[in-house]
Amino acid sequence: MKFTALRPVRTLLALACATLAAHAAAPAVKIGFLVKQPEEPWFQLEWKFADQAAKELGFTLVKIGATDGEKVLAGIDNLAAAGAQGFVICTPDTRLGPGIAAKARANKLKLISVDDQFIGANGKPMTNVHHLGISAGKIGESVGQTLAAEMKKRGWTAADTAVCAVTFEELATAKERTDGAIAALTAASFPKDRIFKAPERTADIPGAFDAVNVLLTQKSGIKHWLVCGPNDSAVLGAVRALEGRGYAADSCVAIGINGTDCIVELEKAKPTSFYGSMLLSAKAHGYQTSEMMFRWIKEGKEPPLDSRTVGVLITRENFRQVLKEQGIRD
Ligand code: GLA
């Protein structure tokens, strides 16, 4: 065999050795992504964008549905045993924060909380844990302002109208959202005594449906309803309960938050009272948190302690275009 024929083989060998050396120097990055409600479109989208980050940046992503405290703690142990260096988590209960942070430390795992900020033993947010969440109060205020504007556009009077706020106040980000909506409505002169809370026992459509049914039994004879809640599921549950009592698009305006869990609703041929939603950035919450974790592990670049994202209103008029721009729909 001639020398020239050997050259490509040598080059290949050299390349293979260099790659092996690089691998030996830096172990492959493995990141966990734990979410509290894996069945909800919002969390599926976070995972989808985290998967995209894993593919583009070159790390292994381990997705874990962590619906209760036991699953969270077992998930963290499994991640450590599998050689992961860090994880991103939306915890099923923010009061697990101190326990999760301690377990991460014990296992030498880096930690970023997403969506729901940990609550410390003193009942205050754990500001020493890196977090990416939404500007909950501001986004809630936008919901309230839009409801007030839609009421005005329809020429409804305050005497004929009431507000149904589905609440889930044990979760700080959820409380800030509905508090924000109520504050904006009262700032727009909506009477406080016509704003009614419907506390949901579980943060999902059935939980909101039950809560609003209780409210509607107590408050009969109201002509128009304005509806807000912590997220799309809460508002969808309210819309279904209102439909059961004969309220439809001509008598209610309901606005959600997330924008990802109401797509089927907005696609319905006949408009329902679900008017629109504040679309959050699932990409920032899934891709960016994973990328921050990756760079922290790989380059030692510590992420900011607190990052907040914004929301934009989507309605039946613009949702297709906006979801396309955000890479959520083709
Ligand atoms: C909470 C809610 C989710 C979603 C996220 C956004 O976790 O339960 O539906 O709104 O916040 O950060």
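**Ground rules**

I noted that this is a predicted model, where local features need pLDDT of at least 70, side-chain atom pairs count only at pLDDT 80 or more, and totals for chains, interfaces and linings use all residues. Residues are numbered from 1 along each chain as its sequence is written, and side-chain values use heavy atoms, with hydrogens and water left out.

**The whole chain**

I found 11 helices and 12 strands; helices (H or I, at least four residues) and strands (E, at least two) are DSSP runs, numbered from the N terminus. The C-alpha trace spans about 95 × 50 × 30 Å along its principal axes. I then looked at contacts, meaning heavy atoms within 4.5 Å. Of the contacts with a separation of 6 or more, 73% come from residues 24 or more positions apart.

**Helix H6**

I checked the length of H6, residues 172-187. Its 16 residues should span 22 Å at 1.5 Å a residue, and the end C-alpha atoms are 22 Å apart, which agrees. The expected span is 1.5 Å times one less than the number of residues. The buried residues of H6 include Thr-173, Arg-177, Gly-180 and Leu-185. Among the elements they pack against are strand S5 (130-134), helix H5 (136-153) and strand S6 (161-167).

**A stop at Glu-150**

Is Glu-150 buried or exposed? I found Glu-150 in helix H5, and it counts as buried because its relative accessibility is 6%. Leaving out residues up to four places away in sequence, Glu-150 touches Val-253 and Tyr-275.

**Helix H8**

H8 runs over residues 232-244. Its 13 residues reach 18 Å from first C-alpha to last, close to the 18 Å expected at 1.5 Å a residue. I saw that H8 is mostly covered, with 10 of its 13 residues buried, including Asp-232, Val-235 and Val-239. Helix H7 (205-218), helix H9 (263-267) and strand S10 (274-279) are among the elements that cover the buried residues of H8. Gly-246 follows H8 and has a positive phi, near 90 degrees.

**H7 against H8**

The axes of H7 and H8 come within 7 Å and cross at roughly 45 degrees. Axes are lines fitted to C-alpha atoms, for helices over the stretch in contact, and angles run from 0 to 180 degrees between N-to-C directions. That makes H7 oblique to H8; angles under 35 degrees count as roughly parallel, over 145 as roughly antiparallel, 65 to 115 as roughly perpendicular and the rest as oblique. The contact includes Phe-209 and Leu-216 of H7 and Leu-236 and Arg-240 of H8. By class, I noted 10 nonpolar, three polar and one charged residues in this contact. Ala, Val, Leu, Ile, Met, Phe, Trp, Tyr, Cys and Pro count as nonpolar, Asp, Glu, Lys and Arg as charged, and the others, Gly among them, as polar.

**H2 against H10**

Helix H2 (residues 41-57) and helix H10 (residues 282-299) have axes that come within 7 Å and cross at roughly 40 degrees. That makes H2 oblique to H10. In this contact I noted nine nonpolar, four polar and five charged residues.

Note on methods:
Buried < 20%, exposed > 50% of the residue type's maximum accessible area, 1.4 Å probe, protein only.
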